[in-house]
Amino acid sequence: MHLRRFGKTEEMVSVFTFGAMRYLESDDNAVNTVMEAVKAGINHLETARGYGESERMLGLALQHIPRDSVYVQTKIGPTDTADEFRRYLDESFQRLGVDVIDNLAIHGINTREILNQTMAPGGCMEAAARAIDEGIVRHIGFSTHGPLDVIMDAIRSDAFEFVNLHYYYFNQRNEPAVRLAASKDMGVFIISPTDKGGQLFAPPEKLRQFAGALTPLQLNHRWLLANPDVHTLSLGAARPEEIAEHLVVADDTGSLTNEERAAFAAMDNEPLTVLGNTLCKQCYDCLPCPEDVHIPEILRLRNMARAFDMTGFGKFRYNMFGEGGHWFPGQNASKCTDCGDCLPRCPCNLPIPELLRDTHELLLGEKVQRLWKE
């Protein structure tokens, strides 16, 4: 598997990272899935304190793997005091069964308040720095589901060596953050490109038609891996057999081919053709909404559902509004009061309340909970 330098950490990490958040069926399944990933050439294994039994299960797998052959990352949410963070860190060491954590991420810098909490004197970053000095943690980064301005400010703080963030073909909002992180020689880790990137493990037939010889999942990987600013992508397999589809492009990290460029050009054009003057171009000028309706995200889901028949993904995400806290903020379209506050700010002159109602009718279903709260 192709390796890339993970920014200033100087680690040579595999272009796929094993994300250990979905393999929790049993201890045996977890160990077998990790072993299959390592056999495939994956050398970066990532988990989090908040992923249920994940750290403990990864620790079981690590008993079968030479420790110096893999990099281990875990994530811990920010705390108000250094002592509390250190207690959590010690618990992670115990569950993982390791003496050194290669990459420790502050988990979920999703709001301005959480960023401030993270950077406050006497808090979690003090404990992280102490762990670095002791040699038990090698590198500090952060993970985020937050808005672009918060991500950019966290990167500009120069407190971190790597970042875990969302960025895919179907959600390019964080491109400036990817570029800024790369300019600061930070490692760039794209999280959940298969699931949050559009549930590409189960694509609609229309999307398959655009992908040509590749699957939509593989085509999205190629879009990411053709970008030298991206170093590694999360592969969150739940079972060993889910790994193989990703491996097709594990060594295909060069520039996009002519065929791939043509596929993306056709995909770029499809929303314009199908949606016409109702296409939301994701400028975010409509925010803030007085009722906390997440207008651009709702309309992004509408774009995908209408243009590419991605209603399954749209329903999964849409019905999480109001349930995801700072991990997936905002309210759904039912909270729109037709106040019109957003209308003069939209450069495309979209009939936003009308489009919100259309999305609500298209995607409303049973409430969905996030897999993990942390």
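The following legends describe close-up views of a predicted model.

Local features are described where pLDDT is at least 70, side-chain atom pairs count only at pLDDT 80 or more, and totals for chains, interfaces and linings use all residues. Residues are numbered from 1 along each chain as its sequence is written, and side-chain values use heavy atoms, with hydrogens and water left out.

**View 1. Strand 8 pairs with strand 7 and with strand 9.**
Helices (H or I, at least four residues) and strands (E, at least two) are DSSP runs, numbered from the N terminus. Two strands pair if DSSP finds at least two bridges between them. Strand 7 (residues 137–143) and strand 8 pair in the parallel sense over 3 bridges, and glycine 141 stands opposite phenylalanine 162 of strand 8. Right-handed here means that, with the strands pointing away from the viewer, the path from the first strand over the helix to the second runs clockwise. Strand 8 and strand 9 also pair in the parallel sense, over 4 bridges, with leucine 165 opposite isoleucine 190 of strand 9. The chain goes from strand 8 through helix 7 (residues 175–183) to strand 9, and this β-α-β crossover is right-handed.

**View 2. Both faces of strand 8 (residues 162–165) are covered.**
Phe162 and Asn164 lie on one side of the strand and Val163 and Leu165 on the other, and all are buried. Buried means under 20% relative accessible area, exposed over 50%, and partly exposed in between (1.4 Å probe, protein chains only).

**View 3. Threonine 33 is a buried residue of helix 1 (residues 27–39).**
The relative accessibility of threonine 33 is 0%. Leaving aside neighbours within four places in sequence, threonine 33 is in contact (heavy atoms within 4.5 Å) with Phe18, Tyr23, Ala237, Ala238, Arg239, Pro240 and Ile243.

**View 4. Leucine 207 is a buried residue of helix 8.**
Leucine 207 has a relative accessibility of 2%. Beyond its neighbours within four places in sequence, leucine 207 is in contact with Phe170, Leu200, Pro216, Met267, Phe308 and Met310.

**View 5. Helix 3 (residues 82–96) crosses helix 5 (residues 124–134).**
The two axes come within 7 Å and cross at roughly 55°. Axes are lines fitted to C-alpha atoms, for helices over the stretch in contact, and angles run from 0 to 180 degrees between N-to-C directions. Helix 3 and helix 5 are therefore oblique to each other; angles under 35 degrees count as roughly parallel, over 145 as roughly antiparallel, 65 to 115 as roughly perpendicular and the rest as oblique. The contact involves Ala82, Phe85, Arg86 and Leu89 of helix 3 and, among others, Cys124, Ala127 and Arg130 of helix 5.

Most residues other than glycine have a negative phi, and most peptide bonds are trans.
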